[in-house]
Amino acid sequence: MSISETENPRGSVADRVRDALPRLVLSPTVAIVAIFVYGFILFTLYLSFTDSRILPSFGWVGWQNYENLFRIRAWDTAVSNLVIFGVLYIAICCALGLLLAILLDQRIRAEGFIRTIYLYPMALSFIVTGVAWKWFLDPGIGIEAVVQGWGWTDFKFNWIKDREMAIYTIVIAAVWQTSGFVMAMFLAGLRGIDSEMMKAAQIDGASTFALYRRIVIPQLRPAFMSAFVVLAHMAIKSYDLVIALTGGGPGTATELPATFMYSYTFTRNQMGIGAASAVIMLMTIAAIIVPYLWSELREKK
Amino acid sequence: MATATKSRSFSAARFVLYALLALFCIYYLLPLYVMLVNSLKPLSEITAGGMMALPQDWTIAPWLSAWSTAQVGVEATGLRPYFLNSIIMVVPAVALSTLVGALNGYVLTKWTFRGATVVFGLLLFGCFIPFQMVLIPMARMLGLMGLAGSVTGLIFVHFVYGIGFSTLYFRNYYAAFPTELVRAAQIDGAGFFRIFWRILLPSSGPIAVVCIIWQFTNIWNDFLFGASFSDFSSQPMTVALNNLVQSSTGVKEYNVHFAGAIMAALPTLLVYIVAGRYFVRGLMAGSVKG
């Protein structure tokens, strides 16, 4: 419980300042968040209903920007790319992360060392990851050239130059970056599982496979939830990786909502449409994050 | 909770297990290996198609070029000025957001008031918004404040959006700190700040490390804010690296690009190697638990 509520009825000014001090200390943060998070959200929301182009302008146009947005082909591409990218990214990261966590959970020698190797890409920026993978995927010098150099002269791996396949290269690089982190989350989950139950099942003669399928994995539900929320949130925000890896190309083949927003706002001078696309991104993230935060904060009590 | 393997198939199963683990080690290390090896080769060896091979002719010329002579944008300054920009940006932004986070966490756990949970919830949601939502008003705000296109502006932006996470860390940490100690100190006549400096802060080492690492990695690795709010003189390392790699003039100097990429990765990589345990804890706390 709070300490500050011990009221002093005959308080002097100094006393009252002392009583209010904690709230005074917190107030700059409250002000900053009110302005720079919620105020800014309202501002962008407002802009999305205006005819802003190069600069914010305040001519009200109603739902016009949203109607236009959904007619733009690049936005269509961006949304369907996000679905492809998001689904594959989340699914592969979870599968790989779970596999690695289970492998590492078998009383491995040098576990800490191996874990360190699996996790380090997370310390790198998406720009570095993007730059690195850009060249491996480049048919001229990367994997294709290397394998051809080994003798398979008709080996082809030019997804990054291929309009149909380029979005999958984003998945490849993003999975490399994040799967180790998902492994760490699952490993933490595995370590928290009741070992009594495991022993009982083993005595009953359950195979390792059955043990995992029936007992362990169902108990990892909270870890799955957390992984899903984190990954979905990262997928929706993905910007740097696309910029460094493909620049959104070839053409608009790897456009995502985040890159779409940036280019419409800052290079195509369609700020109203850019703001509308940002609002949609916010709504999507809020739909995932708010219920999650809600349950987490309520559990705390 | 490891499972005991049946002794009969012990060695074979173990062999497969370790082989798989080693295979994944290669998968995660390969890009780093390729970057490192190719940053120490002359360009001709790379274009001749030996990306995996060790250099025949070892050279540090690409590193020197990436650091001080490569063309980034208009001028051939190398990445050095941008590396310095990143350092000048990251140190105050981390220090400020951590300090404010510590104070906030202290208030939110030891001096709670009605509505504190709501304040915290709103703060927390602010951590997760897509920053695309604040780019336009922030650009305008920085202009009004006279901070557009400056490193100071970037410091400010990172400070503002760093508060949420740092508060989250300290709040969760201080929640477990015995309130009786605070109360006893108060009875002894210690005030708000004295309790903070003398009692809470001295025991905050572990969480401060986690928070500093988290903020450092996030701010150092940021690209969106850097690309949106900096000009040529104030670009951070990530933006400069991207410019170096994307610049379309002349021959693509892959070896220089690889050297530059490692330079951009080095500070956070170093932190990870030195304080990996805290890095992981930061990741988990920052993204898993509210």
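This is a predicted model: local features need pLDDT of at least 70, side-chain atom pairs count only at pLDDT 80 or more; totals for chains, interfaces and linings use all residues.
## The interface between chain A and chain B

Chain A puts 106 residues into the contact. Chain B puts in 93 residues. Together the two chains bury about 9200 Å². Carbon and sulfur atoms account for 76% of that area.

Helix α1 of chain A, residues 13-47, is the top contributor to the side of chain A that touches chain B. Helix α1 supplies 19 residues there. By class, this side of chain A holds 78 nonpolar residues. It also has 15 polar and 13 charged residues.

Between chain A and chain B, 20 residue pairs are in polar contact, with both residues at pLDDT 80 or more. What is the count of salt bridges across the interface of chain A and chain B? The rule finds zero.

A disulfide is a covalent bond between the sulfur atoms of two cysteines.

Take Cys93(A) and Cys94(A). For Cys93(A), the closest cysteine sulfur is in Cys94(A), 7.0 Å away. For Cys94(A), the closest is in Cys93(A), again at 7.0 Å. The cut-off for a disulfide is 2.5 Å between the sulfur atoms, so the sulfur of Cys93(A) is too far from that of Cys94(A) for a bond.

Are these two residues buried or exposed? Cys93(A) is buried, at 0% relative accessible area. Cys94(A) has 10% relative accessibility and also counts as buried, because the limit for buried is under 20%.

Technical notes:
Residues are numbered from 1 along each chain as its sequence is written. Chains are lettered from A and ligands numbered from 1 in the order in which they are written. Side-chain values use heavy atoms; hydrogens and water are left out. Contact means heavy atoms within 4.5 Å. Buried area is the accessible area (1.4 Å probe) that two parts lose on being put together, summed over both. A salt bridge is a side-chain nitrogen of Lys or Arg within 4 Å of a carboxyl oxygen of Asp or Glu. A polar contact is a pair of N or O atoms within 3.5 Å; within protein, one must be able to donate a hydrogen and the other to accept it, and residues adjacent in sequence count only if both atoms are side-chain atoms. Helices (H or I, at least four residues) and strands (E, at least two) are DSSP runs, numbered from the N terminus. Ala, Val, Leu, Ile, Met, Phe, Trp, Tyr, Cys and Pro count as nonpolar, Asp, Glu, Lys and Arg as charged, and the others, Gly among them, as polar. Buried means under 20% relative accessible area, exposed over 50%, partly exposed in between (1.4 Å probe, protein chains only).
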